[in-house]
Amino acid sequence: VDIDPQAVEAAADNARRNGVDIAFTVPDRAPAGQHDVVVANILTNPLKALMPLLASQVRPGGRIVLSGILDAQADEVMAIYAAHFAMRRAGGDEGWALLTGVRK
């Protein structure tokens, strides 16, 4: 889900070119219910504010993947998401952290 229709179109086109079966959409057309995987690549403050919404979209046992987080802010984000997920650092690059979690 992205608020920018051009970003949605570009992501869908890239997925098709790479043989990836995935759906992209704008927020008002997002599918209802819970999903196996939810990915969010946005900055720390929106990730913190959106935690209740993002958590509600992940089925029990499903995964969340969070990026766009500065290394120095990763522990704070993990602590916020820990209420609903078993969180861990999955990697990082040039001062940015990649976090993943499994829904409790």
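A residue is called buried when its relative accessible area is under 20%, exposed when that area is over 50%, and partly exposed in between, with a 1.4 Å probe and protein chains only. By this criterion, buried residues make up 28% of the 104 residues in the protein chain. The structure is a predicted model, in which local features need pLDDT of at least 70 and side-chain atom pairs count only at pLDDT 80 or more, while totals for chains, interfaces and linings use all residues. Residues are numbered from 1 along each chain as its sequence is written, and side-chain values use heavy atoms, with hydrogens and water left out.

## Overall architecture

The protein chain contains 4 helices and 4 strands; these are DSSP runs, numbered from the N terminus, with helices (H or I) of at least four residues and strands (E) of at least two. Read from the N terminus, the order of elements is α-β-α-α-β-α-β-β. The radius of gyration of the protein chain is 14 Å, close to the 13 Å of the globule rule for 104 residues, so the chain is as compact as a globular protein of that length. That radius is taken over C-alpha atoms, and the globule rule is 2.2 Å times the number of residues to the power 0.38. Along the principal axes, the C-alpha atoms fill a box of roughly 35 × 30 × 25 Å.

Contact means heavy atoms within 4.5 Å. Among the contacts of the protein chain with a separation of 6 or more, 53% are between residues 24 or more positions apart. The accessible surface of the protein chain comes to about 6,600 Å², and 55% of it belongs to carbon and sulfur atoms. These areas come from the Shrake-Rupley method with a 1.4 Å probe. The protein chain carries 10 positive and 12 negative side chains, and the centres of the two sets lie 9 Å apart. Lys and Arg count as positive and Asp and Glu as negative, whereas His and the chain ends are not counted. Each charge is placed at NZ of Lys, CZ of Arg, CG of Asp or CD of Glu.

## The nonpolar core

In soluble globular proteins, nonpolar side chains tend to be buried together. A nonpolar core is defined here as a set of buried Ala, Val, Leu, Ile, Met, Phe, Trp, Tyr and Cys residues joined through side-chain atoms within 4.5 Å. The largest such core has 18 residues, of which Ile-64, Leu-66, Tyr-81, Met-87 and Leu-99 touch the most other members. At least two residues of this core come from each of β1 (35-41), α3 (51-56), β2 (58-70), α4 (74-81), β3 and β4. Beyond its neighbours within four places in sequence, Ile-64 is in contact with Val-38, Leu-54, Val-58, Tyr-81, Phe-85, Met-87, Leu-99, Thr-100 and Gly-101.

Arg-63 is placed in strand β2. Again leaving aside neighbours within four places, Arg-63 is in contact with Asp-36, Val-37, Val-38, Val-58, Gly-101 and Val-102. Arg-63 counts as partly exposed, because its relative accessibility is 44%.

## The loop between β3 and β4

Glu-94 lies in the loop between β3 (85-93) and β4 (96-103). Most residues other than glycine have a negative phi. Glu-94 has a positive phi of about 50° although it is not a glycine. With a relative accessibility of 73%, Glu-94 counts as exposed.

Gly-95 is found in the loop between β3 and β4, and at 35% relative accessibility it counts as partly exposed.

Thr-25 lies in the loop between α1 (5-17) and β1. Thr-25 counts as buried, since its relative accessibility is 15%. Its contacts, apart from neighbours within four places, are Val-1, Asp-2, Val-8, Ala-30 and Pro-31. Ala-23 is also found in the loop between α1 and β1, but Ala-23 is exposed, with a relative accessible area of 71%.

Ile-80 belongs to helix α4 and is partly exposed at a relative accessible area of 27%. Leaving aside neighbours within four places, Ile-80 is in contact with Lys-48 and Met-51.

## Selected C-alpha separations

| Residue pair | Separation in sequence | C-alpha distance |
|---|---|---|
| Gly-95 and Asp-71 | 24 residues | 5.4 Å |
| Arg-63 and Thr-100 | 37 residues | 7.0 Å |
| Ala-23 and Val-8 | 15 residues | 9.2 Å |
| Ile-80 and Val-39 | 41 residues | 16 Å |
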